[in-house]
Amino acid sequence: MRSRNGNCPFILPSLALICTLSYGTDNYYIGYRFTAQNVQAINETLTISKAMQPCPTRAASVLELKYNGYEPLEALLNRERDRFVEFAAVQELRIKNNDTVTLNAIKSQETFTLPTRCYAVEFNRDFVTITLLQ
Amino acid sequence: MKLSAALATAFSVSALYAGFFSPDGTDEPKIKCVYSGTDGSCVEPILKAENELVITVTGQGVAPSVTSSPAQAYALAKRAAMADGYRQIAERVKGVQVEGQDTIKNMMLQQSSTKTSVEAIVRGANLLNTTFKEGLCEVEMEIALSYSRVLH
């Protein structure tokens, strides 16, 4: 006599694996804006929001960051902001610059913006994988 | 017969001089520069279908006067330098919009202002090198332009 799931013995492990992966990976929308005036930083904003709708599934590039096991994504990205900005800036970046020169003053303002994109964030025990989805 | 041969020779020499035929047999005239300086040297190279054009810039940034730590000062100076580098890339690839205004009253210059602006989306620029010395951060950046990247 065959067991109840004898025809498909891999269904239950596969379902468990899919559930584990889907719980381990979350999708977040992350955007960044940096403003410098006269080549001096004056403002910096990092926005993070959990995705409420499904994101695209095609992975474009991956960043791996060290993780201490308990901190939230906001704290992690604040700590590793430099690496994240460099990683995301290579993909796409919007730059806007305005210079004004008058008889007695020069003013320069630069804004660079990382467009808000969906990233898949996978928390592991001692590292986090951030994947840009396109 | 001799007259026609002489005419044909004269025509081909003048055509060669005008650039219709190149000596190496290719029909396309060779253009090496977009702009030529007064001494005839290349100022800006042109992007061609068969090769990549690499543009290298150096961005500079200064740390804010008030920061909570030297590490924060370094990070912010680096980001300001990156913004400057991206601005230079955008200026060289896309160009700058320039707007000038002079006000003259009683034959005297009262006010003069020049505004320049750049706005662009940059993809695929790489950070090559970063140096930080006496509060000034310099980043060397490059972008490789090719037909396949421009068209995608």
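Which residue takes a positive phi just after H2(B)? The residue is B:Gly95, with a phi of about 110°. The points below concern a predicted model.

1. Make-up of chain A. The secondary structure of chain A comprises three helices and six strands. Their order along the sequence is α-β-β-β-α-α-β-β-β. Chain A has 134 residues, of which 16% count as buried. When contacts in chain A between residues at least 6 apart in sequence are considered, 63% of them join residues at least 24 apart.

2. Make-up of chain B. Chain B contains three helices and five strands, arranged along the sequence as α-β-α-β-β-β-β-α. It has 152 residues, and 18% of these count as buried. For contacts in chain B between residues at least 6 apart in sequence, the share that joins residues at least 24 apart is 49%.

3. Contact between the chains. On the side of chain A, 24 residues are in contact with 29 residues of chain B. Strand S1 (25-37), strand S2 (40-50), helix H3 (81-91), strand S4 (93-102) and strand S5 (106-123) of chain A each contribute at least two residues to the side that touches chain B. S4(A) gives the most, with ten residues. By residue class, the side of chain A that touches chain B has eleven nonpolar, six polar and seven charged residues.

4. S4(A) pairs with strand S3 (residues 108-122) of chain B in the antiparallel sense, over ten bridges. Two of the facing positions may be named: A:Lys96 stands opposite B:Glu119 in S3(B), and A:Thr102 stands opposite B:Ser113 in S3(B).

5. Strand pairing within chain A. S4(A) also pairs with S5(A), again in the antiparallel sense, over eight bridges. The two strands form a hairpin with three residues between them. A:Lys96 takes part here as well, with A:Thr111 as its bridge partner in S5(A).

6. The largest nonpolar core. This core has 33 residues, and those with the most contacts inside it are B:Tyr86 and B:Ile89. Both chains contribute: two or more residues come from each of S1, helix H2 (73-79), H3, S4 and S5 of chain A, and from each of H2, S3 and strand S5 (136-145) of chain B. H2(B) provides the largest share, ten residues. Apart from this core lies another, of five residues, which include A:Ile30, A:Tyr119, A:Val121 and A:Ile130.

7. Surroundings of B:Ile89. Which residues are in contact with B:Ile89, leaving aside its neighbours within four places in sequence? They are B:Ile55, B:Val57, B:Val122, B:Ala125, B:Met141 and B:Ile143.

8. B:Arg92. This residue is found in helix H2 of chain B. Is B:Arg92 buried, exposed or partly exposed? B:Arg92 is partly exposed, because 16 other C-beta atoms lie within 10 Å, whereas a buried residue would need 20 or more and an exposed one 12 or fewer. B:Arg92 and B:Ile55 are 37 residues apart along the chain, and their C-alpha atoms are separated by 8.3 Å. B:Ile55 is also among the residues in contact with B:Ile89.

9. B:Met108. The place of B:Met108 is in strand S3 of chain B, the strand that pairs with S4(A). B:Met108 is exposed, because 7 other C-beta atoms lie within 10 Å, and the limit for an exposed residue is 12 or fewer. B:Met108 and B:Gly85 are 23 residues apart along the chain, and their C-alpha atoms are separated by 38 Å.

Methods
Residues numbered from 1 in each chain as written. Chains lettered and ligands numbered in written order. Predicted model: local features only at pLDDT ≥ 70, side-chain atom pairs only at ≥ 80, totals over all residues. Contact = placed C-beta atoms within 7 Å. Helix = DSSP H or I, 4+ residues; strand = E, 2+ residues; numbered from the N terminus. Nonpolar A, V, L, I, M, F, W, Y, C, P; charged D, E, K, R; others polar. Pairing = 2+ DSSP bridges. Core = buried A, V, L, I, M, F, W, Y, C linked by C-beta atoms within 7 Å.
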